[in-house]
Protein chains: 2
Amino acid sequence: MSRQAYETDLDKNAANFQALTPLSFLPRTALTFPDRLAVIHGERRLSWAQVHERARRLASALAKRGIKRGDTVAIMSPNTPAMFEAHFGVPMTGAVLNTLNTRLDGPAIAFILDHGEAKVLLTDRELSPIIEAALKLVKTRPVVIDIDDMPAAGGKLLGEIEYEAFIAGGDAGYVGPALADEWEAISLNYTSGTTGNPKGVVYHHRGAYLNALGNAISWGMGQHPVYLWTLPMFHCNGWCFPWTITALAGTNVCLRRVDSRHIYQAIAEHQATHLSGAPIVMQMICNASETERTRFNHQVQVMTAAAPPPASVLAAMQRQGFKVTHVYGLTETYGPCVVSAWHEEWDGLDIEQQARLKARQGVPYEVQDGLMVADAKTLKPVPRDGETMGEVFMRGNIVMKGYLKNAKATREAFAGGWFHSGDLGVWHADGYIELKDRSKDIIISGGENISSIEVEGVLYRHPAVAFAAVVAKPDEKWGETPVAFVELKPGASASEAEIVQFCRDNLAHFKCPRAVVFTEVPKTSTGKIQKFLLRDKAKTA
Amino acid sequence: MSRQAYETDLDKNAANFQALTPLSFLPRTALTFPDRLAVIHGERRLSWAQVHERARRLASALAKRGIKRGDTVAIMSPNTPAMFEAHFGVPMTGAVLNTLNTRLDGPAIAFILDHGEAKVLLTDRELSPIIEAALKLVKTRPVVIDIDDMPAAGGKLLGEIEYEAFIAGGDAGYVGPALADEWEAISLNYTSGTTGNPKGVVYHHRGAYLNALGNAISWGMGQHPVYLWTLPMFHCNGWCFPWTITALAGTNVCLRRVDSRHIYQAIAEHQATHLSGAPIVMQMICNASETERTRFNHQVQVMTAAAPPPASVLAAMQRQGFKVTHVYGLTETYGPCVVSAWHEEWDGLDIEQQARLKARQGVPYEVQDGLMVADAKTLKPVPRDGETMGEVFMRGNIVMKGYLKNAKATREAFAGGWFHSGDLGVWHADGYIELKDRSKDIIISGGENISSIEVEGVLYRHPAVAFAAVVAKPDEKWGETPVAFVELKPGASASEAEIVQFCRDNLAHFKCPRAVVFTEVPKTSTGKIQKFLLRDKAKTA
């Protein structure tokens with residue numbers, strides 16, 4: 001027998017092949033657990049049967065407005081039921097969901113609406129000032145549908161119909177067109193665009209499906225998690241968790257206001273088992289005052305990206321019932337695609353060692369394929385010595401389809417058959433990668449590379465420091481020198497000399513900041529520190 | 001923008017597309033947890049790094065023998081390290097793994113070796129009598145490699161080289177050919193062939209990958225399960241669990257002898273968290289004598305297919321720390337593809353009600369697509385009334401590629417775009433399906449359908465009954481009447497009149513057996529009762 005026997009009369013057909021799509025999770029969960037709690041939002045409760053019906057009504061109402069395969073539907077909303085439903089209702093029609101970053105300003109939103117050519121825009125009342133400004137600037141005005149969410153504060157209605165009325169006009173029995181190809185686009189997520197215009201990252205059904213399962217597998221989530229939405233759903237489609245929670249028949253606890261008080265309240269009241277977020281969410285948990293805290297007695301799994309907590313914070317969190325898993329990814333990788341997988345034997349190490357191990361970005365998700373640290377030009381992997389810097393590269397099914405209408409950027413991002421993350425790091429002997437910096441954040445002083453992340457890591461270990469950012473200041477003699485911007489904890493105090501001395505005690509001297517600026521550190525909507533805003537200030541520091 | 005924007009310059013490439021294959025789990029787990037325990041087998045211990053190396057050596061050694069893409073490599077083995085490694089090493093070369101049912105006889109094995117055109121056969125010493133007989137009958141003799149497993153009892157070496165020596169000749173750095181298409185065959189599993197010759201069910205990499213994750217998701221498995229191999233790996237590739245356990249970096253506890261004593265010992269000694277099996281495994285657990293039991297203090301998850309336990313057994317198991325999940329599937333669906341998903345609110349019901357709910361086959365796996373009960377001819381779904389009988393149909397990515405070299409059977413199995421299971425059942429209002437019988441096992445008496453499963457369900461509730469099988473006896477007046485074959489528990493006794501009366505107390509009278517035969521009930525290697533052996537006997541009962 002040649003291999004032909006295994007390829008003869010054994011073709012794909014309707015019985016044995018289905019395009020992968022996370023949309024398949026919703027009817028399955030609604031069939032199996034129709035009465036189970038799907039969404040909690042303030043006083044509101046929705047079952048899985050209700051969410052399934054509402055998503056179909058949304059899809060039907062959009063289809064009646066002419067929305068069809070390959071159209072873009074944008075949404076500007078905090079984590080609300082409408083935002084969750086849009087993750088199913090919009091792609092059900094064959095359209096592509098474009099979630100908008102709620103912290104952007106009018107011109108940025110206008111750019112995105114124009115570039116993505118949104119035909120419909122769903123928008124939360126509270127965010128109407130930004131949208132109103134954006135709509136004055138767009139070349140083509142989309143159909144605007146207001147989400148008049150009960151707990152929204154202020155704002156006004158801008159569109160032609162309110163969301164609930166809109167979906168009431170849809171058909172609860174709606175069935176969308178069959179997905180012809182799992183490579184079709186499901187969503188469009190713009191990068192934060194710290195330099196130049198943002199790029200539109202396109203996700204496909206296959207990748208969203210796999211990453212939805214990948215989250216469950218890599219995080220060891222069981223059935224029926226109670227997921228607290230501290231992570232914005234606009235951010236990489238909430239790292240694909242709307243689809244994960246649906247696959248697991250869990251409960252989504254929405255949260256319009258992400259602050260210490262509401263986080264603790266929701267954990268205690270709804271017995272939340274899981275939450276994710278940027279370091280700012282960790283800070284809210286750690287720095288909560290006594291009056292902001294509500295007691296709870298179960299363990300909460302926390303998945304955090306970007307900078308993991310320093311040892312003292314990690315220890316405090318563990319004592320309080322939070323178990324932290326550190327992950328890493330980019331908009332281009334559907335959110336996290338690398339996890340700092342924990343070894344049980346590390347539980348016996350002291351907390352400083354644990355924190356250092358946990359701070360590493362880690363190893364690929366089970367559903368990711370390749371991960372390497374390599375020379376940025378030759379793509380030759382660096383030695384696994386924990387020292388040699390290189391660029392981080394990924395490849396596999398949870399790397400984006402590409403950038404919308406930007407063939408050049410797509411080509412560059414995928415040059416050599418790997419996705420170029422733009423992040424710099426090292427590869428440890430045990431296969432774990434550790435980020436050292438973004439390419440553009442590295443500081444080159446006297447010909448030596450200084451990792452701003454390394455310096456910040458030391459600053460975070462200082463007990464008075466709440467946030468720290470280190471950027472380059474141009475210097476005639478050294479080329480560049482590091483400058484630290486530090487935001488102190490409420491009530492804490494520290495002098496510049498004290499901070500510098502602390503750095504000298506813990507770092508090679510050439511890496512120590514030459515100046516320390518005490519200030520509120522600017523952060524993006526997703527809690528990332530906006531270093532580009534600090535570079536100008538550093539020049540005069 | 002037309003949909004073209006989402007399909008322009010956004011093609012698949014090496015950076016963003018990878019063929020799905022469960023083989024990818026092994027290097028990932030070996031990288032992340034190299035020293036973690038992968039396999040326990042008697043006194044033997046293998047880490048994930050070792051298993052990865054051994055699988056590559058096996059692949060390399062096979063490649064050196066000329067094994068290449070599309071070839072078949074067969075294996076006849078209990079659950080041993082070699083059997084586990086073959087699930088990776090064989091398909092790594094591009095070849096297809098054909099696991100042989102160890103309970104078959106020489107002629108049946110010879111038929112399979114010829115039909116599958118195995119080029120290499122790995123065979124365990126203990127099973128050499130069957131293989132010796134088979135090799136005398138085959139048209140083309142494969143290269144035979146002996147597995148001289150330490151704990152094997154008896155038998156002799158038949159081949160040209162022993163497994164350990166064979167893989168020692170392979171290259172630990174072997175890298176196989178890239179998988180060009182996830183639709184390529186990964187394994188070949190023959191049906192039990194109760195009528196005529198067995199059919200060769202072909203699995204592909206995509207389906208094996210998805211079902212491996214599907215097991216983890218549907219069963220709510222976390223990271224690092226300790227999986228006790230009470231299920232034969234030859235059976236549907238151990239329901240894809242070799243790949244699941246690898247993805248989760250768990251531990252495989254091998255078990256050559258599946259009996260009560262060894263099951264309890266392994267659970268206690270290795271803190272096994274999960275096991276699967278046919279009802280016979282449940283019987284071993286439940287009917288174990290005091291001396292066969294070893295105490296343990298943790299909960300063990302048990303996944304069982306075919307008949308779930310009656311209420312009394314279920315209650316006893318729950319008291320002893322076993323939590324039972326009931327699943328259903330066929331060789332053609334990679335093992336289980338339907339799960340009797342549990343609702344927490346059912347915990348409050350009495351044990352009889354729990355047992356009845358659990359006995360239903362359930363709802364599709366998250367990774368499965370369609371499941372319906374429908375008219376066998378028109379494929380029109382039956383009403384969800386829990387009463388109307390129809391055939392069970394599935395479709396989706398965990399339905400086989402088809403039958404090897406049997407286009408006619410493949411075409412018939414997939415007629416109308418659904419896989420025809422041949423099982424009969426009803427559809428309940430809550431979407432759960434419940435099997436009533438195999439088409440060929442239904443008894444038609446006076447024009448009324450009698451489900452042999454229903455009658456057996458009542459018999460199993462009788463305290464003296466260990467195994468029960470009900471088949472049709474031809475009858476001049478009624479067409480057919482039911483006859484019960486009953487195997488009593490050790491030490492238990494019951495009369496025919498008593499059994500019949502018990503049935504009349506619990507069933508419509510026309511469904512009650514007209515005769516009861518007390519005998520050992522014949523079972524297949526996987527614990528299924530062989531009704532076809534009883535039909536002849538029924539004629540004279």
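Predicted model: local features only at pLDDT ≥ 70, side-chain atom pairs only at ≥ 80, totals over all residues.
**Figure 1. Overall dimensions of chain A.**
Chain A comprises 17 helices and 26 strands. Its C-alpha atoms occupy a box of roughly 70 × 65 × 50 Å along the principal axes. The radius of gyration of chain A is 24 Å, in agreement with the value near 24 Å for a compact globule of 541 residues. Of these 541 residues, 56% are classed as buried. Among contacts in chain A with a separation of 6 or more, 69% join residues 24 or more positions apart.

**Figure 2. Strands β3 and β4 of chain A.**
Strand β3 (residues 72-76) of chain A pairs with β4(A) in the parallel sense, and four bridges connect the two. Within this pairing, Ile75(A) is placed opposite Thr99(A) of β4(A). Side chains in a regular strand alternate between the two faces of the sheet. In strand β4 (residues 96-99) of chain A, Val96(A) and Asn98(A) point one way, whereas Leu97(A) and Thr99(A) point the other way.

**Figure 3. Surroundings of Leu275 in chain A.**
Leu275(A) belongs to strand β12 (residues 274-277) of chain A. This residue counts as buried because 27 C-beta neighbours lie inside 10 Å, the threshold being 20 or more. Leaving aside residues up to four places away in sequence, Leu275(A) touches Tyr227(A), Leu228(A), Thr230(A), Val300(A) and Val302(A). By comparison, Val471(A) stands 196 residues from Leu275(A) along the chain, and 31 Å separates their C-alpha atoms.

**Figure 4. The contact between chains A and B.**
Chain A contributes 54 residues to the contact, and chain B contributes 54 residues. On the side of chain A that touches chain B, at least two residues come from each of α1 (25-32), α7 (205-218), β16 (363-364) and α14 (407-413) of chain A. The largest share, four residues, is supplied by α1(A). By residue class, this side of chain A consists of 27 nonpolar, 16 polar and 11 charged residues.

**Figure 5. The nine-stranded sheet of chain B.**
Nine strands of chain B form an open sheet with mixed pairing, in the order β2-β1-β11-β10-β12-β13-β14-β15-β16. Its edge strands are β2 (44-47) and β16 (363-364) of chain B, each of which pairs on one side only. Strand β1 (residues 37-41) of chain B is joined to strand β11 (residues 251-253) of chain B by two bridges in the parallel sense. Ile40(B) is located opposite Val253(B) of β11(B).

**Figure 6. Helix α2 of chain B.**
Helix α2 (residues 48-64) of chain B contains 17 residues. The distance from its first C-alpha to its last is 24 Å, close to the 24 Å expected at 1.5 Å a residue. Because 14 of its 17 residues are buried, α2(B) is largely enclosed by the rest of the structure. After α2(B) comes Gly66(B), which has a positive phi near 95°.

How values were computed
Residues numbered from 1 in each chain as written. Chains lettered and ligands numbered in written order. Expected span 1.5 Å × (residues − 1). Buried ≥ 20, exposed ≤ 12 C-beta atoms within 10 Å, placed from the backbone. Contact = placed C-beta atoms within 7 Å. Nonpolar A, V, L, I, M, F, W, Y, C, P; charged D, E, K, R; others polar. Pairing = 2+ DSSP bridges. Rg over C-alpha atoms; globule rule 2.2 N^0.38 Å.
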